[in-house]
Amino acid sequence: MHIIKIGEGSRYHQPWERPHINPGSDMDEAPYAEFASWLRELAAAAGYDTQARGGTSALAKAAGVDRGQLSRALSGAVQPSIDTQRGLVRALNAGGVKVDMPEMLVRSQTVKPEDLPTPQDSIPPAVEDIDLYALARAFDIPPERAHLFVRSVESQAKVFADDQNSTSIGDPQTGGLSAER
């Protein structure tokens, strides 16, 4: 005799009460098929043929993730965990494929593009906008030495600004960071 346990809250009390899914119907398609296809292409480009024997295992090992979860993600059946995605990014980049975590998160439908911070969100404030004496207190710099801290930061900010002004913009070899000295 086989006992079938169905989780609480399930609409279906017996396996024969579950709806039949016709092959080729919308319900038959893997929910993350598009992501899985993209991931398989990246894996192949990085040297992991996930269709060949041992390919998925090799990628899972390189990414430091569970082979079973990776296999389900490659089939489009599940959305991989963030830790799995992080490991995949590392493994794919090590294989020469350039992919970053934000793209992985968006493609896997973990986040929406509008939920990610924009480059404008990460611009640090100008030194003039920071109360350097308050910063010195936050770093537990004694009040009698705070003026040295402030002068040092202002001096470094000036050197940095001068450096930025003396660089060549648009140098393809250095990404615009070659100094004209």
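Predicted model: local features only at pLDDT ≥ 70, side-chain atom pairs only at ≥ 80, totals over all residues.

Reader: Why does a spacing of three or four places matter in an α-helix?

Author: An α-helix has 3.6 residues a turn, so residues three or four places apart point the same way. In this structure, the side chains of Arg-107 and Glu-103 meet in a salt bridge, with an N to O distance of 3.4 Å. Arg-107 is partly exposed at 38% relative accessibility, and Glu-103 is also partly exposed, at 28%.

Reader: How many salt bridges does the structure hold?

Author: There are two. The other case joins the side chains of Arg-86 and Asp-83, at 2.8 Å from N to O. These residues are three apart in helix H4, and about one helical turn separates them. Arg-86 counts as partly exposed at 39% relative accessibility, whereas Asp-83, at 54%, counts as exposed.

Reader: How does one read the burial pattern of a helix, and which residues of helix H3 are buried?

Author: A residue is called buried when its relative accessible area is under 20%. In H3, which spans residues 67–74, the buried residues are Gln-69, Leu-70, Ala-73 and Leu-74. Viewed down the axis of H3, they fall within an arc of 135°, so they line one face of the helix.

Reader: Against which helices do the buried residues of H3 pack?

Author: They pack against helix H1 (33–45), helix H2 (55–63) and helix H4 (82–94). H4 is also the helix that holds Arg-86 and Asp-83.

Reader: What is found at the start of H3, and what follows H3?

Author: At the start, a side-chain oxygen of Asp-66 comes to within 3.2 Å of the backbone nitrogen of Gly-68. After H3 comes Gly-76, with a positive phi near 85°.

Reader: Where is a positive phi found in a residue other than glycine?

Author: Two cases may be examined in turn. Gln-109 has a phi near 65° and is found in the loop between helix H5 (101–107) and helix H6 (132–138). Its relative accessibility is 48%, so Gln-109 counts as partly exposed. Asp-140 has a phi near 60° and is found in the loop between H6 and helix H7 (146–165).

Reader: Is Asp-140 buried or exposed?

Author: Asp-140 is exposed, its relative accessible area being 67%.

Note on methods. Residues numbered from 1 in each chain as written. Heavy atoms only, no water. Buried < 20%, exposed > 50% of the residue type's maximum accessible area, 1.4 Å probe, protein only. Helix = DSSP H or I, 4+ residues; strand = E, 2+ residues; numbered from the N terminus. Arc of directions from axis to C-beta. Contact = heavy atoms within 4.5 Å. Polar contact = N/O pair within 3.5 Å; in protein donor to acceptor, adjacent residues only side chain to side chain. Salt bridge = Lys/Arg side-chain N within 4 Å of Asp/Glu carboxyl O.
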